[in-house]
Structure formats: structure tokens, C-alpha cells
Amino acid sequence: MKILFYCQHVLGMGHFFRSLEIIKAFSSHEVILVSGGPPVDAALPPHVREVRLPGLAMDEDFSRMYSLDPAKGIEEVKKERVELLGKIFSEEKPDLFIVELYPFGRKAFRFELDPILTGIRRGDLPPCKVVCSLRDILVEKKHPSAYESRVTSILNSCFDGLAVHADPSLVSLGGTFASMDKITVPVYYTGFVTPKPRPGAGEKLRKALGIGPEEKLIVVSAGGGKVGAPLLEPVEKAFLEKAPSNWHMHVFTGPFLDDDHFERLAACSNDHLVIERFSDDFLTWLDAADLSISMAGYNTCMNTLAAHAPALVLPFEQNREQLMRARKLEALGALEILEEAGLKPDLLIPRMQRIIEKGRGETPPINLNGAAETAAWAESLALNGSGDGC
């Protein structure tokens, strides 16, 4: 089976890495990953090849999309993308087309998606099954009724199924989408998508770093990094001013943190404080950590659960998504929520110390097998035409 997986990451890296984890689960099939955001340095498995559309990205306020090529205007880039995506589809003739987020989000990309979806339904393009790949929580909309009407219209007419990457015992799509009863295609809750740590990987990393059992490792991260400075700078300041001498902190800023912020953070590094842009083995770091401090994006939250790492999270405030997820996980005892006022050294360090001393608790009973379950369900839908939801 040939699968075309469309994923556009326009601000951070979460959408890309969640999609990549799902793609890995389709290991017995050929997968073409269609991307087009800022380049991400990630190794692709042998069954996957990436085709990059001319790059587009979104500003930090989600108010303006811009071309990643300063020599090309946005309309020129859009025209090139439409032509290339149509060519890819016509030449590859996929059996399954997986679209990440749209029509629930990525409205700005309907200029290139709608022609493909319409072409499939009209028979102008090779036939294939179409699935929407959707995370757990949707951001709020200014006009929810009109938004949900548009979403259900596109979903019901152009898609064959909806894969929701969540465990409904923790969060269901109906919590942020009131029109579930108007969806007529199969809806399947896959469980949350995350890789799992390799057995013993964290302990091996601690030994390689020379961190003994009486020493503590704090891993700090900010996803893609574009909106990470309000977390990273005060955490570093608190560590430098108040941290016990047996603590070590490793900071992953994200590849998209601007250079000025990165250089200010890196200028303070020492034997106990390391600043890096990115790790391609982040889960091992979490497995090794005595404490994770991060924002509350989907991927990082699920990674901390998979690694069973104690966690403090500072939710991104621009919309409800991260705070809603964090509150549900906090209620299960899986993490604790930080507020900006709590980032002061006199408040943050004692709180970190308390969580570190408490150690790893019970693992919440949450389904984290989302990648494998997505692949199994989508394969059944594409090959057998059955995709009964739940």
C-alpha cells in the first residue's frame, strides 16, 4: 500500500513529530511525507521519503503566513505548491491520503488541499481513501457555529474517516467540538501518540554523563522554541542563583528560538548547565531525568508520560489547548502546572526540589499506543473499506 501523509508545521515541531511517529508505524508500506514548514533535522525510516513543498510559516501571533524564501512572494509560493501537490498526487497514485489537522485546522492551506480533495471525489484524481489525523484538543474559534458547520461539511463530503489521537477516558473531541453528532464518517480514538523509551536507555545516559545516583538531572525544553523564551530564561536564572550543587540542568531551546535568546542562554552555560538547540533522542533524556520542565504541548506531555518523568509545565497562553491538557493531566497526578508568577527563583527552586524528592509516582492508566492503533485502523479502512469508529 502507498500512503501520502500531508503535514504542515507552521510554528513549532509538534505536528511534524507526531505525524512522523505515526508514519513509523506504517513500516510495511511505502509512505511519502509531504511537508512544507521550516526544515526539521529528523531521521526518516527506510520506508519513508519526504517531499518538501516550497516553505510557508506562521508568525508567533498566528496572524500572518509568510514565505520562507525571501526571494518569493506568498502568492508565488502558493501557486508553486498547488502545482507540485497536484503533480505528486497524480504521479504517486496513493491508496491512502492522510491529512494532518485539516479541516479542523490549517484553514490557511485549503488553497492547496481543497483541489486535491475535490479532485478525488469527482474522479479527476486517482481514487483513494482519505483520513484526517487529529490531536486531542482544538483551539477556540471566534465564530464556533460557522467553524463547526464548515468542518463537518468538508469532513463528511471529502473524508472517509477521522482518527483522533487521544484516549477518551482522559479527553474526548466533544469537549472542544460541539458538533460531534453531525459527523457522519467513522471516528476512531487511537490513543495518544508517543514513542516509548528503550529499556535502560535513561540509566545508560546518566552513566555517560557522569551523573551519579545522588545527583539530579533536570531537563528543560520548549518544543520548537519560537515561543519558549518566557520559560527558558527564568528557569535558567533560578538554576544559576539557587540550585543545589548536586543538580545538573540540560536545556533544549528548540531549533526555532531566535539567535539572540539562544546566545544569552548559552553564555551562562557551565559544568552543571548545558544549552543545546535540539536532541533527536529527547525521550532518552526524559527517561534519565529527575524532573522535566517544559511547556504543555501534546508531544512533550505524552513523552513525559511515556518516560514516567516527574514534570512541571508552563502552558502556552495564546489559546486553551495546552492549559486544558495540563489541567486534565494534573488532576491525574501526572504533572504539575507552573504559572509565570511561580518562575521566580525563591518559588521555583523549592518546588522543583519537592517534586524531585517525591520521585516517580504511579503511571496514569492512559492509552499511549496511538501510532500503532492509527496504522492498524487506517490500513483496515484503506484495504478493506471498514473503519467503524468508537
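At what angle do H6 and H7 pack, and how far apart are their axes? The angle is about 15° and the axes are 10 Å apart.

## Basis of the model

This is a predicted model, in which local features need pLDDT of at least 70 and side-chain atom pairs count only at pLDDT 80 or more, while totals for chains, interfaces and linings use all residues. Residues are numbered from 1 along each chain as its sequence is written, and side-chain values use heavy atoms, with hydrogens and water left out.

Helices (H or I, at least four residues) and strands (E, at least two) are DSSP runs, numbered from the N terminus.

## Helix H6

Helix H6 covers residues 229–242, and its 14 residues should span 20 Å at 1.5 Å a residue. The expected span is 1.5 Å times one less than the number of residues. The end C-alpha atoms of H6 are 20 Å apart, which agrees.

Buried means under 20% relative accessible area, exposed over 50%, and partly exposed in between (1.4 Å probe, protein chains only). The buried residues in H6 are Ala229, Leu231, Leu232, Val235, Glu236, Ala238 and Phe239. Their cover includes strands E10 (216–221), E11 (247–252), E12 (273–276) and E13 (291–294), together with helices H7 (259–266) and H11 (345–358).

## H6 against H7

Axes are lines fitted to C-alpha atoms, for helices over the stretch in contact, and angles run from 0 to 180 degrees between N-to-C directions. At about 15°, H6 is roughly parallel to H7; angles under 35 degrees count as roughly parallel, over 145 as roughly antiparallel, 65 to 115 as roughly perpendicular and the rest as oblique. H6 passes H7 in a left-handed crossing, where the near helix is turned anticlockwise from the far one by less than a right angle (clockwise for right-handed).

Ala229, Leu232, Glu233 and Glu236 of H6 make the contact with His261, Arg264 and Leu265 of H7; contact means heavy atoms within 4.5 Å.

## H1 against H12

The axes of helix H1 (residues 14–25) and helix H12 (residues 370–384) come within 8 Å and cross at roughly 55°. That makes H1 oblique to H12. The H1 and H12 crossing is right-handed. On the H1 side, Glu21, Ile22 and Ala25 meet Ala371, Ala372, Thr374 and Ala375 of H12.

## Glutamate 321

Glutamate 321 lies in helix H10 (residues 321–331) and is buried, with a relative accessible area of 7%. Not counting residues up to four places away in sequence, Glutamate 321 touches Arg135, Ile137, Val139 and Tyr298. Glutamate 321 and isoleucine 137 are 184 residues apart in sequence, and their C-alpha atoms are 5.7 Å apart in space.
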